[in-house]
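Student: I am new to this structure. Can you show me how to read its helix packing?
Tutor: Let us take one feature at a time.

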Amino acid sequence: MAEMDSTPSSSTVSRTVLLVLRVLTFVFLLISLIIIAVNKGTEDTTVGPLQIKFNDIHAYRYMLSTIVIGFVYNLLQMALSIFTVVSGNRVLSGDVGYLFDFFGDKIISYFLISGSAAGFGVSYDVQSFLKSQELPFNSFFGKAYASASLLLIGFLFTAIASVFTSFTLPKRA
């Protein structure tokens, strides 16, 4: 009597890995979104307290926008991935679905890395300037760095997902 092979197919493993990557991206983007959205700081000055919020700095608004765009795309992809893993069928059939996954992951990963870079860059520049004015806002910029770091990790997971989606692209002769 022949033994049955109980190992999952490579396409099932690939779909499951994609779903895990999307869940991880979702978690990191959600935490990054919460941290940057509630970030504010106060420093005492000779003329009274000075308060700064994330939306006072345009680069943080851009960073928040990239997080939201990535978050919405990732929610859509998670829903599509869950459907595919559970049912075994793709919502977007044919080449269109694979191309959507591949190019969507590429474009969103570029958005995420640009948002992270903007967050890191403005945090460094503005914090350096304010330190020279003896207004360090250490807690505010620490949270901004944390949010940019989590966004960077979200980018890494999306970039890895784009590698997996590239394996599924239709082969052209």
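Student: Is the crossing of helix 2 and helix 3 left-handed or right-handed?
Tutor: Keep in mind that this is a predicted model. In it, helix 2 crosses helix 3 in a left-handed way.

Student: What is the angle at which helix 2 and helix 3 pack?
Tutor: Two packed helices are described by the angle between their axes and the distance between the axes. Helix 2 covers residues 58–87 and helix 3 covers residues 94–132. Their angle is about 155 degrees, and their axes are 9 Å apart. An angle over 145 degrees counts as roughly antiparallel, so helix 2 and helix 3 are roughly antiparallel to each other.

Student: How many nonpolar residues does the contact of helix 2 with helix 3 have?
Tutor: There are 14 nonpolar residues, along with eight polar and two charged ones.

Student: How far apart are the axes of helix 3 and helix 4?
Tutor: The axes lie 8 Å apart, at an angle of about 160 degrees. Helix 4 spans residues 138–167. Helix 3 and helix 4 are therefore roughly antiparallel. Their crossing is left-handed. Their contact has 17 nonpolar, 13 polar and four charged residues.

Student: Where does UniProt place the feature "transmembrane region"?
Tutor: The unreviewed UniProt entry gives residues 20–39, 59–86, 107–124 and 144–169. Now check two of these spans in the model. Residues 107–124 are 100% helix and 0% strand, with end C-alpha atoms 26 Å apart. Residues 144–169 are 92% helix and 0% strand, and their end C-alpha atoms are 37 Å apart.

Note on methods. Residues numbered from 1 in each chain as written. Predicted model: local features only at pLDDT ≥ 70, side-chain atom pairs only at ≥ 80, totals over all residues. Heavy atoms only, no water. Axes fitted to C-alpha atoms, helices over the stretch in contact; angles between N-to-C directions. Helix = DSSP H or I, 4+ residues; strand = E, 2+ residues; numbered from the N terminus. Parallel < 35°, antiparallel > 145°, perpendicular 65-115°, else oblique. Left-handed = near helix turned anticlockwise from the far one by under 90°. Nonpolar A, V, L, I, M, F, W, Y, C, P; charged D, E, K, R; others polar. UniProt positions renumbered as here; feature names shortened; annotations may be inferred.
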